[in-house]
Amino acid sequence: MDDYNRREFIRTSLPGFLGLTLALPGITAMATRANGKEGRLDQSKKINWDAFLEGVAKESARQHLDDWNELAYVKKVQAIASQLRLDDPVLLEAFKKAEVGIGDGSIDFDRLEKQKDFQISYLQFEKGEKIRHHDHPGMTGVLLCATGELVTENYTLLDEELDESKELKESGGQGAEGEEIAVKRVLLKGAGRTVLKKGGTANLTSKQRNIHRVEARKLSQIIDVFAPPYNRERGAATKWFTVDEERYRGRKGVYEAVLG
Ligand SMILES: [Fe+2]
């Protein structure tokens, strides 16, 4: 197996990254053979990269079973991720490659693994860099902070219909300036704010906490585990939100958001 396939470095926007993830099937075939010898499990109960992949592959394979429990799954993967050696050579190589992105004013992405049931990505944030509110359609996610410190805020989409509203279009984009456009509004329930430091983990499931924003307090590197992985449909279905900071009609922890 071409070890290089899973290390190809990508520096692009998040939507661009999703597109590239979909477009390159060559990364799907990496086998998860654990080396089975020294180094898989050290004396501190830390595991190496191959053992980490093996554990995630085993747990994520359960998503096809009728009794798949997403919350139980993400908690197991968080436990596995907590055991990962953060000085594993695979991560050190990713950190090294990402050094070129420091100072470029954008978040840097790397794709570490993609298999049938899951994918693992690497992201590097500089201080103050953020990814605004977005969802992960039909997916679970586990974040592991490898270095630095980030704040994540999660939200759960409420199943309450709000009327579309009309807004006057300003300049830019398609359509004439001054034209009325429909704006889709939704309600989000705040689902917690987490400060992630080195070794810390966070989760989201397809129904709970699925929407989040992430902001770095210092230079930070994170590992994302998504199951199922992005495909064409999930990439295209990803939604972005502008969240009103004010509570919605005084309802505790509920916020109105506009799609887009
Ligand atoms: Fe995300």
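Two residues are said to be in contact, or to touch, if their C-beta atoms, placed from the backbone, lie within 7 Å. The model is a predicted one, in which local features need pLDDT of at least 70, side-chain atom pairs count only at pLDDT 80 or more, and totals for chains, interfaces and linings use all residues. Residues are numbered from 1 along each chain as its sequence is written.

The chain's secondary structure comes to five helices and 14 strands; helices (H or I, at least four residues) and strands (E, at least two) are DSSP runs, numbered from the N terminus. Buried residues account for 31% of the 260 residues. Here a residue is buried if 20 or more other C-beta atoms lie within 10 Å of its own, exposed if 12 or fewer, and partly exposed in between, with C-beta atoms placed from the backbone. Of the contacts between residues at least 6 apart in sequence, 73% join residues at least 24 apart.

I120 is buried, because 25 other C-beta atoms lie within 10 Å. Not counting residues up to four places away in sequence, I120 touches L112, E113, I223, D224 and V225. I120 and P229 are 109 residues apart in sequence, yet their C-alpha atoms are 8.4 Å apart in space. Strand β3 is joined to β2 by a hairpin of four residues, and the two strands pair in the antiparallel sense over six bridges. Strands count as paired if DSSP finds at least two bridges between them. Within this pair, F109 stands opposite L123 in β3. Strand β2 is mostly covered, with seven of its seven residues buried.

Helix α4 (residues 89-98) has V90, L91 and A94 as its buried residues. Seen down the axis of α4, these fall within an arc of 95°, so they line one face of the helix; the arc is that of the directions from the helix axis to the C-beta atoms. P89, L92 and K96 are exposed on the other side of α4. The buried residues of α4 pack against α2 (49-60), β2 (108-114), β3 (119-125) and β5 (140-147).

Next come helices α2 and α3. Two packed helices are described by the angle between their axes and the distance between the axes. The axes of α2 and α3 come within 10 Å and cross at roughly 175°. That makes α2 roughly antiparallel to α3, since angles under 35 degrees count as roughly parallel, over 145 as roughly antiparallel, 65 to 115 as roughly perpendicular and the rest as oblique. Axes are lines fitted to C-alpha atoms, for helices over the stretch in contact, and angles run from 0 to 180 degrees between N-to-C directions. At this meeting, F52, G55, V56 and E59 in α2 face Y73, K76, V77 and I80 in α3 as contact partners.

A nonpolar core is a set of buried Ala, Val, Leu, Ile, Met, Phe, Trp, Tyr and Cys residues joined through C-beta atoms within 7 Å. The largest has 40 residues, and those with the most contacts inside it are F52, V77, L144, I222 and V225. At least two residues of this core come from each of α2, α3 (70-83), α4, β2, β3, β5, β11 (211-216) and β12 (220-227). Another core, of seven residues, lies apart from it and has Y155, L188, F241 and A257 among its members.

Six strands form an open sheet in the order β4-β11-β6-β9-β14-β13, with antiparallel pairing. Its edge strands, β4 (130-134) and β13 (241-247), each pair on one side only. The twist averages 30° from one strand to the next. Strands β9 (residues 185-197) and β14 (residues 254-259) pair over five bridges, and R185 has V258 in β14 as its bridge partner. Also in β9 is A191, which counts as partly exposed because it has 17 C-beta neighbours inside 10 Å.

Some backbone details remain. Most residues other than glycine have a negative phi, and most peptide bonds are trans. R209, in the loop between β10 (201-204) and β11, has a positive phi of about 60°. R209 is buried, with 26 other C-beta atoms within 10 Å. R249, in the loop between β13 and β14, has a positive phi near 45°, and R249 is exposed, with 8 other C-beta atoms within 10 Å. A cis peptide bond, with omega about -5°, joins A227 and P228.
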